[in-house]
Amino acid sequence: EALGIAGRVELVPWLRSDRLPDLYRGLDVLVLPSRSTPGWIEQFGRVLVEAMACGVATVGSDSGEIPHVVGDAGLTFPEGDAAALRAAIERLAGSPAQRARLGQAGRARVLERFTMARVAADTAAVYRALVPGTPAEWPPRPNGL
């Protein structure tokens, strides 16, 4: 209120996970401005993947893994750089077409890289690489799945 932005900001209370897709789909852009600390750095940024899965354009800092999660399907900015964050938000605010393009690219990126099946397959590949002689079809798939 002191900043004069109360009419443009909505604080949403905690929601159950099954309600989050509706929340995400109501957004124009999701921003994750993570900042690293001496004891912590962004490990994944799950909220980015959830928003991208819902077709929402994303903006994230370059903290930890965020740039690798977002890839070319969103915008990144140097962590702690408020001017760069503002520029990224303004860029998307002024371009519904770019928001739509990034939303589509984000959803495609999630389907390509971050589904449970993809993560499981990638994890199994790491284990196979670490353990010589592991069969290519390890772990076995139940019922031919």
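1. Buried means under 20% relative accessible area, exposed over 50%, and partly exposed in between, with a 1.4 Å probe and protein chains only. Arg16 has 47% relative accessibility and therefore counts as partly exposed. The side chain of Arg16 meets that of Asp18 in a salt bridge, at 3.0 Å from N to O; the term denotes a side-chain nitrogen of Lys or Arg within 4 Å of a carboxyl oxygen of Asp or Glu.

2. The model is predicted: local features need pLDDT of at least 70, side-chain atom pairs count only at pLDDT 80 or more, and totals for chains, interfaces and linings use all residues. Residues are numbered from 1 along each chain as its sequence is written, and side-chain values use heavy atoms, with hydrogens and water left out.

3. An open sheet is formed by 3 strands in the order E1-E2-E3, with parallel pairing. Strands E1 (29-32) and E3 (75-77) are the edge strands, each pairing on one side only. On average, neighbouring strands of this sheet are turned by 15° against each other, direction ignored. Helices (H or I, at least four residues) and strands (E, at least two) are DSSP runs, numbered from the N terminus; two strands pair if DSSP finds at least two bridges between them. Axes are lines fitted to C-alpha atoms, for helices over the stretch in contact, and angles run from 0 to 180 degrees between N-to-C directions.

4. Strand E2 (residues 57-61) runs parallel to E1 and is joined to E1 by 4 bridges. Within this pairing, Leu32 stands opposite Gly60 in E2. Helix H4 (residues 82-93) touches E1, E2 and E3, and its direction makes about 160° with that of E3. Helix H5 (residues 96-113) also touches E1, E2 and E3, but its direction makes about 80° with that of E2.

5. In a regular strand the side chains alternate between the two faces of the sheet. Strand E1 has Leu30 and Leu32 on a covered face, and Val29 and Val31 on an uncovered one.

6. Ser61 is found in strand E2. Ser61 counts as buried because its relative accessibility is 0%. Leaving aside residues up to four places away in sequence, Ser61 touches Leu32, Pro33, Ser34, Ile66, Pro67, Thr76, Phe77 and Glu79.

7. The structure holds 5 salt bridges. Side chains of opposite charge can pair when their charged atoms come close. One of the bridges joins the side chains of Asp22 and Arg25, at 3.6 Å from N to O. Both residues lie in helix H1 (residues 20-25), 3 residues apart, about one turn of the helix. Asp22 and Arg25 are both exposed.

8. Another salt bridge joins the side chains of Asp122 and Arg118, at 2.9 Å from N to O. These residues are 4 apart in helix H6, so about one helical turn separates Asp122 from Arg118. Asp122 is partly exposed, with a relative accessible area of 35%, and Arg118 is partly exposed, with 39%.

9. Val126 has its place in helix H6 (residues 116-130). With 46% relative accessibility, Val126 counts as partly exposed. Together, Val126, Tyr127, Leu130 and Val131 make a nonpolar surface patch of about 400 Å². Patches are made of residues with over 30% relative accessible area and no salt bridge: like charges are joined within 9 Å, and nonpolar side chains (Val, Leu, Ile, Met, Phe, Trp, Tyr) within 5 Å. Accessible areas come from the Shrake-Rupley method with a 1.4 Å probe; for residues, only the protein chains shown count as cover.

How values were computed: Contact means heavy atoms within 4.5 Å.
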